[in-house]
Amino acid sequence: MPSFLMNEWFMIPAVAVCVFLFVFANAERSLNFLYRRSLGQREEVMKLLKLMSVEVDEKQVTWAILLISFGMGGLFFILFWPSIFMGLFFGGIVTIAGWSIPLLVVKYLYEKRCTQFVDQMVDGLTIMANGIKSGSNSTQAMERVIDIMGNPISQEFRQVITQHQFGQSFEESLLDLGERIPRPDVQMFVTAINILKETGGNLAETFETIVTTIRERQKVEKKIQALTAQGLMQGAIVTMIPFILAIVFLIIDPNFVKPMFNTPLGLVLLLGMLGLQIIGGVLIKKIVTIKV
């Protein structure tokens, strides 16, 4: 390998010039990308929090994103001081990763809440079906679910009733429920009530059919999870092996691994390794994720 590639006085300016030319050629696109990946995610976070009926000030979300991204990046830069290049390298990676952490956390909580709601629909619709059989209407049957069951189904049904009491039609309130919980089972429930209220029909029998459908879907999902669990575990192990080996070498023979962290070429290879690890992990996750 040519000796000038190992020279920091050549590699650092060369990388800086390449980055400058790339950013200059794609300045507007780069700025838009940086905004979408940082503060631009604030709107998505606020939207998901609103769907979960969580009231949070927009300034608090902004400060949380800035602290998690730039705050953690600055902390890593200080930890690697006085190595400025290492500090910028790892600080930049942590900053970029920190932009997505709030949105990923909120998305996880939102998906978990939606899953809990669908799981509760089995018992909730059974209660509603029994209420319809005893002579109650849809609103009264929904109130029984609110009194008996817990959140999130109790909270969502209570919001439907509240919107209806404040003058919104029951059909529109149910459509709002379908927007807050965008799952096929919920859409089927909302559509069934709205159609049967206009055309007539056995609402209790429809609820029992929806319950049967949800149970069968859950059986298939659990079977798929059992079959893909091994693939997920293998993907996690393969992804973690390089990091574990790096820690082992740092403990056993630090001088063997130091060129990977204190030379420009080593940092470029390290960045490439991290990129390939992320791509591999995402592909494995997509392969073993089967939607029902």
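Is Lys133 buried or exposed in this structure? Lys133 counts as exposed, because its relative accessibility comes to 54%, and the cut-off for exposed is over 50%. Keep that residue in mind, as Lys133 turns up again below in a salt bridge with Glu208.

## The overall picture

First things first: what you're looking at is a predicted model. The average pLDDT of the protein is 76, and 83% of the residues score at least 70. Confidence isn't even along the chain, though. Helix H7 (residues 153-165) has the highest mean, at 85, while helix H2 (residues 27-37) has the lowest, at 60.

As for what the chain is built from, there are 12 helices and zero strands. The protein has 292 residues, and 33% of them count as buried. If you take the contacts between residues at least 6 apart in sequence, 60% of those join residues at least 24 apart.

## Two helices side by side

Now have a look at helix H9 (residues 184-199) and helix H10 (residues 203-252). Their axes come within 11 Å and cross at roughly 170°. H9 is therefore roughly antiparallel to H10, since angles over 145 degrees count that way.

Which residues make the contact between H9 and H10? On the H9 side you'll find Pro184, Asp185, Met188, Phe189, Ala192, Ile193 and Leu196. On the H10 side they meet Leu203, Thr206, Phe207, Ile210, Thr213, Ile214 and Arg217. Sort the residues of this contact by type and you get 10 nonpolar, two polar and two charged.

Asp185 and Arg217 are both on that list, and their side chains also meet in a salt bridge, at 3.1 Å from N to O. This pair links distant parts of the chain, as Asp185 in H9 and Arg217 in H10 are 32 residues apart. Asp185 is buried, because its relative accessibility is 4%, and the cut-off for buried is under 20%. Arg217 is partly exposed, with a relative accessible area of 22%.

How many salt bridges does the whole structure hold? A search finds six. Back to Lys133: its partner is Glu208, and their closest N and O atoms are 2.5 Å apart. Glu208 lies in helix H10 and Lys133 in helix H5, so the pair ties together parts that are 75 residues apart in sequence. Glu208 has a relative accessible area of 36%, so this residue is partly exposed.

Lys219 and Glu216 both lie in H10, three residues apart, which is about one turn of the helix. Their side chains form a salt bridge at 3.7 Å, N to O. Lys219 is exposed, with a relative accessible area of 53%, whereas Glu216 is partly exposed, at 42%. There's also a network of salt bridges, which links Arg113, Glu156 and Arg180.

## A buried glutamine

Last stop: Gln120, which you'll find in helix H5 (residues 84-133). Is Gln120 buried or exposed? Gln120 counts as buried, because its relative accessibility is 16%, and anything under 20% is buried.

What does Gln120 touch, apart from its neighbours within four places in sequence? Its contacts are Met149, Gly150, Asn151, Pro152 and Ile153.

Terms used: Residues numbered from 1 in each chain as written. Predicted model: local features only at pLDDT ≥ 70, side-chain atom pairs only at ≥ 80, totals over all residues. Heavy atoms only, no water. Helix = DSSP H or I, 4+ residues; strand = E, 2+ residues; numbered from the N terminus. Buried < 20%, exposed > 50% of the residue type's maximum accessible area, 1.4 Å probe, protein only. Contact = heavy atoms within 4.5 Å. pLDDT = per-residue confidence, 0-100. Axes fitted to C-alpha atoms, helices over the stretch in contact; angles between N-to-C directions. Parallel < 35°, antiparallel > 145°, perpendicular 65-115°, else oblique. Nonpolar A, V, L, I, M, F, W, Y, C, P; charged D, E, K, R; others polar. Salt bridge = Lys/Arg side-chain N within 4 Å of Asp/Glu carboxyl O.
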